[in-house]
Amino acid sequence: MQSTVGASIAEVGLAAAPSLLSDRIDTRDDAMRAFEGAREAFIAGNRISMGELAAELGVDRTSLFRWVGNRDALLSEVLWSLAVPTFVQAEHAAEHLSGAPRVAAMLTEFVDGLINSTYFRTFLRREPARALRLLTTKESPIQRRFLATVEWLVRRDLGDEPLGGAIDPAGLAYLLSRVSESFSYADLISGDEPSVERAGAAFRLLLRVDG
């Protein structure tokens, strides 16, 4: 894992897994304009259409693709930009806790944010295959960023030998991320209802949190 010493929860994922587009967004006005337009459309519950976005920006599709890459690359950055404030909100909600209870509470709060986000659930229902590919595989940087963020939490709150050294931080982060995905996207993966309660119970069990 790339060093993220001194990083905040809002920064660690992007620092660990930057992309060509994330770099362009930081340095080029055209990429930033396209990203902001796509993000606004997504939050409104609309499908991100490269043709419609190009028209709104007053350019042709070729220029838009040159600015941001393909639609998946743009979607990935939009999705991560919305995950970051969800993590920040989760951190604030659990700031009165420490150690394993804080990690469990934060991840439960994060899952709650995903399950109860109307525009996010709209995207999952509209494009389930693409959503799972971007969110749960290495097809996009999202999973690498999510894993890096969870590992950062584990190291911060449980140290470099979590659970008495029974597992390394990266391994525990991987298990926690899979729990998060399993309950957040249960309707897409297994046909079950997404469940904050079951996710929270699984996090507490895995982290050995009593009660």
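## Basis

Residues are numbered from 1 along each chain as its sequence is written, and side-chain values use heavy atoms, with hydrogens and water left out. Because the model is predicted, local features need pLDDT of at least 70 and side-chain atom pairs count only at pLDDT 80 or more, while totals for chains, interfaces and linings use all residues.

## Ala94

Ala94 sits in the loop between helix H6 (71-93) and helix H7 (99-115). Helices here are DSSP runs of H or I, at least four residues, numbered from the N terminus. Ala94 is buried, at a relative accessible area of 1%. Buried means under 20% relative accessible area (1.4 Å probe, protein chains only).

Setting aside neighbours within four places in sequence, Ala94 is in contact with Arg102, Ala105 and Met106. Contact means heavy atoms within 4.5 Å. Phe123 is 29 residues from Ala94 along the chain, and their C-alpha atoms are separated by 28 Å.

## Glu127

Glu127 lies in the loop between helix H8 (118-126) and helix H9 (128-136). Glu127 is also buried, with a relative accessible area of 8%.

Its side chain makes a polar contact with the side chain of Arg71 (2.8 Å). The side chain of Glu127 makes another with that of Arg130 (2.9 Å). A polar contact is a pair of N or O atoms within 3.5 Å; within protein, one must be able to donate a hydrogen and the other to accept it, and residues adjacent in sequence count only if both atoms are side-chain atoms. Beyond its neighbours within four places in sequence, Glu127 is in contact with Arg47 and Arg71.

## Aromatic pairs

Rings of Phe, Tyr and Trp (its six-membered ring) pair if their centres lie within 6.5 Å. By this rule the count is 7 aromatic pairs. Phe87 and Phe110 form a stacked pair, 4.1 Å centre to centre with 20° between the planes. Stacked means planes under 30 degrees apart. This pair links distant parts of the chain: Phe87 is in helix H6 and Phe110 in helix H7, 23 residues apart.

Both Phe87 and Phe110 are buried. Ring pairs join Trp80, Phe87, Phe110 and Phe146 into a cluster.

## Crossing of H2 and H6

The axes of helix H2 (residues 20-27) and H6 come within 9 Å and cross at roughly 70°. Axes are lines fitted to C-alpha atoms, for helices over the stretch in contact, and angles run from 0 to 180 degrees between N-to-C directions. H2 and H6 are therefore roughly perpendicular, a term for angles of 65 to 115 degrees. Leu21, Ser22 and Ile25 of H2 make the contact with Ala73, Leu74 and Glu77 of H6.

Conventions:
Helices (H or I, at least four residues) and strands (E, at least two) are DSSP runs, numbered from the N terminus. Buried means under 20% relative accessible area, exposed over 50%, partly exposed in between (1.4 Å probe, protein chains only). Rings of Phe, Tyr and Trp (its six-membered ring) pair if their centres lie within 6.5 Å; planes under 30 degrees apart count as stacked, over 60 as edge-to-face and the rest as tilted. Angles under 35 degrees count as roughly parallel, over 145 as roughly antiparallel, 65 to 115 as roughly perpendicular and the rest as oblique.
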